[in-house]
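Hello,

Here is the structure I promised to pass on to you. Please have it open while you read, and my notes will follow below.

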Amino acid sequence: MDKQNSRITHLDIEQIKNYLKDGKIRVCVIGIGRIGLPTALSFANSGLNTTGVDIHLDLINKIKSGEYPLKDEPDYDIIFEKVIKNQKFQATSKIEDVVPNSDVILLSLPTPMNENNVPDYSALKSVGNQLHDLISEGTLIIVESTIEPGFVENELIQIIEGNDKRLIAGKDFGIGVCPETANPGEISTDFAKLPRLVGATDEKTKNIIMEIYHHVFPVDIIPMPDCKTANAVKLTTNVFRDINIAFINELAILFEKLGIDIMTVLEAAKLKYNFQVHYPGAGVGGPCLPVNSYQLLNSAKKFGNDFLKIISAGREINEHMPDHVIELLCQGFDQAKKSIKGSVILCLGVSYKPDIKDIQLSPAEQIINKLKELGANVRIYDPYFKNIQVFDVKTESNLVDALKGSDGVILVTAHKEFHNLEPSFLVSNLKTPIMVDTRGIIEPHDAKKAGLIFRGLGRGSE
Ligand SMILES: NC(=O)c1ccc[n+]([C@@H]2O[C@H](COP(=O)([O-])OP(=O)(O)OC[C@H]3O[C@@H](n4cnc5c(N)ncnc54)[C@H](O)[C@@H]3O)[C@@H](O)[C@H]2O)c1
């Protein structure tokens, strides 16, 4: 779109449709990490000239040299090659060069929390300040980052408008949200099937955003009454998972004591039409679930401590799981009449979830720190992290070598490579055959038969 005429928020829907069809709308995605890059590539692949902006210079250089940076995110490697070649996509660190020449600005910036579990919106706030100086009349801003309900309405708009109120939201520029809900490792399939929710400060902006997303994604685009409701939906779905996993984790600990196998229970419970299965594990990590629970808790804070007790309880249980994993390991060492101090313990998997290269808030870190406190020598084998430093441990590059000389093994992440682990294979390679399976992969009966000193999380039947 010619910038002089670029007043996308002032166009009518028919004009928007034509501009989209002709590839005349210029898009800027700020923050091209796990979510932002596939998003930017989707916009470019739909025929819109798209520029990714990021402060991570290595990432920009990688992209500029033609290297696809998200190796564990399939399908987008092919799109990446295509849109680099046809010049629909480029990347830069220079926000000031891109924003003034863009019609649509998407924000896919990180929204983590600090060490006190307080949500940290500093990236959005700092880019908001930059946008104040850089946007022009008619620019459309869409926030895809996960934020607390009300953050756009009560904070971000004020930052972008600034004290001078050079441009006013809803009048001079448009702003809305389309919270991103894809699952890392499955972004390509999720982008093709998950509905997108759109909220905005005014109806017209909402309709324009919906039209743009219709053009880019082959999914249902659902209008929400406002930004805060769309953001509330995103948090509700993720916090629902965090709480339900906590419930199953707590049951897992009880069932160990009652001599009941949680996996048998869950398989049977699944048969009931209104039961939605969740599985126990070593903890809940990643950039979303734990953070999202703390975001909702933060929203509730101003109404007193009586709100959302279930979320606090869920967090407490999930954050306790690494301790419980260590307790299971200690039981195994007691049974073997060996001391953990001075032993070699191998962690299988450090990613916070299977089949992705991501250790953000992974429970593996807490497990590894606790092992070190107990005086154990820690080894890590993870197919996504070979021969590098992770959590101050140099990772192994070969599973058999990693097992040899180890006194115990903890299966932390259910990567595909571990699905077919045979107990007899572990017994024949480990120095001492102690194993804790936190992911229900090894059958307790098979483990015992092969001679493993075995503890399975929630597997109280053996
Ligand atoms: N990863 C997920 O599973 C997932 C899923 C859905 C939604 N989200 C949400 O999407 C948002 C982005 O998450 P992500 O996982 O892609 O994060 P990420 O850390 O992978 O990517 C964020 C990118 O933003 C860049 N960045 C940080 N500050 C910047 C600044 N001031 N200017 C320009 N670039 C900057 C970083 O360098 C990084 O490349 C978050 O709000 C997250 O909660 C994440």
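What follows is a walk through the features I found. Please keep in mind that this is a predicted model.

Which way do the residues of S2 point? Thr50 and Gly52 point one way, Thr51 and Val53 point the other way, and all of them are buried. In a regular strand, side chains alternate between the two faces of the sheet.

Setting aside residues up to four places away in sequence, Phe89 touches Leu37, Ala40, Leu41 and Ala44, among others. Its contacts also include Thr50, Thr51 and Gly52 of S2, together with Ile63, Phe80, Val83 and Ile84.

Phe89 is part of the largest nonpolar core, which has 46 residues. Ile32, Leu41, Phe43, Phe89, Val104 and Tyr213 are the ones that touch the most other members. Helix H9 gives the most to this core, with six residues. Another core, of 32 residues, lies apart from it and has Val98, Ile105, Leu131 and Val177 among its members. In soluble globular proteins, nonpolar side chains tend to be buried together.

Next comes strand S7, residues 196-200. How many of its five residues are buried? Five of the five are, so S7 is largely enclosed by the rest of the structure. Both faces are covered, with Arg196, Val198 and Ala200 on one side and Leu197 and Gly199 on the other.

S7 runs antiparallel to S6, and two bridges join them. Gly176 is the residue that stands opposite Ala200 in S7. With strand S8 (residues 221-223), S7 pairs in the parallel sense over three bridges, and Arg196 has Ile221 as its bridge partner there. S7, helix H9 (residues 203-216) and S8 make a right-handed β-α-β unit.

**Helix H7**

Helix H7 covers residues 151-161, and its buried residues are Phe151, Val152, Leu156, Ile157, Ile159, Ile160 and Glu161. What do they pack against? Their partners are strand S4 (104-107), helix H6 (122-134), strand S5 (140-143), strand S6 (174-177) and helix H10 (227-258). Just after H7, Gly162 takes a positive phi of about 70°.

**Around the ligand**

There are 23 residues around the ligand, and Ile35, Asp54, Thr111, Thr146 and Pro184 come nearest.

- Arg34 has a backbone N or O atom 3.0 Å from an oxygen atom of the ligand.
- Ile55 has a polar backbone atom 3.5 Å from a nitrogen atom of the ligand.
- Thr146 has a polar backbone atom 2.9 Å from an oxygen atom of the ligand.

**Thr438**

Is Thr438 buried or exposed? With a relative accessible area of 1%, Thr438 is buried. A polar atom of its side chain lies 2.7 Å from the backbone oxygen of Leu411. Leaving out residues up to four places away in sequence, Thr438 touches Pro280, Gly281, Ala282, Val325, Ile410, Leu411, Val412 and Leu457.

**Two positive phi values**

Most residues other than glycine have a negative phi. Asn117, in the loop between S4 and H6, has a positive phi near 65°. Asn117 is partly exposed, with a relative accessible area of 26%. Leu308 lies in the loop between helix H12 (289-301) and helix H13 (309-336), and its phi is near 55°, also a positive value. Leu308 is partly exposed, with a relative accessible area of 29%.

Happy exploring, and do write back with any questions.

Best wishes

Note on methods. Residues are numbered from 1 along each chain as its sequence is written. This is a predicted model: local features need pLDDT of at least 70, side-chain atom pairs count only at pLDDT 80 or more; totals for chains, interfaces and linings use all residues. Side-chain values use heavy atoms; hydrogens and water are left out. Buried means under 20% relative accessible area, exposed over 50%, partly exposed in between (1.4 Å probe, protein chains only). Helices (H or I, at least four residues) and strands (E, at least two) are DSSP runs, numbered from the N terminus. Contact means heavy atoms within 4.5 Å. A polar contact is a pair of N or O atoms within 3.5 Å; within protein, one must be able to donate a hydrogen and the other to accept it, and residues adjacent in sequence count only if both atoms are side-chain atoms. Two strands pair if DSSP finds at least two bridges between them. A crossover is right-handed if, with the strands pointing away from the viewer, the path from the first strand over the helix to the second runs clockwise. A nonpolar core is a set of buried Ala, Val, Leu, Ile, Met, Phe, Trp, Tyr and Cys residues joined through side-chain atoms within 4.5 Å. A residue is near a molecule or strand if one of its heavy atoms lies within 4 Å of it.
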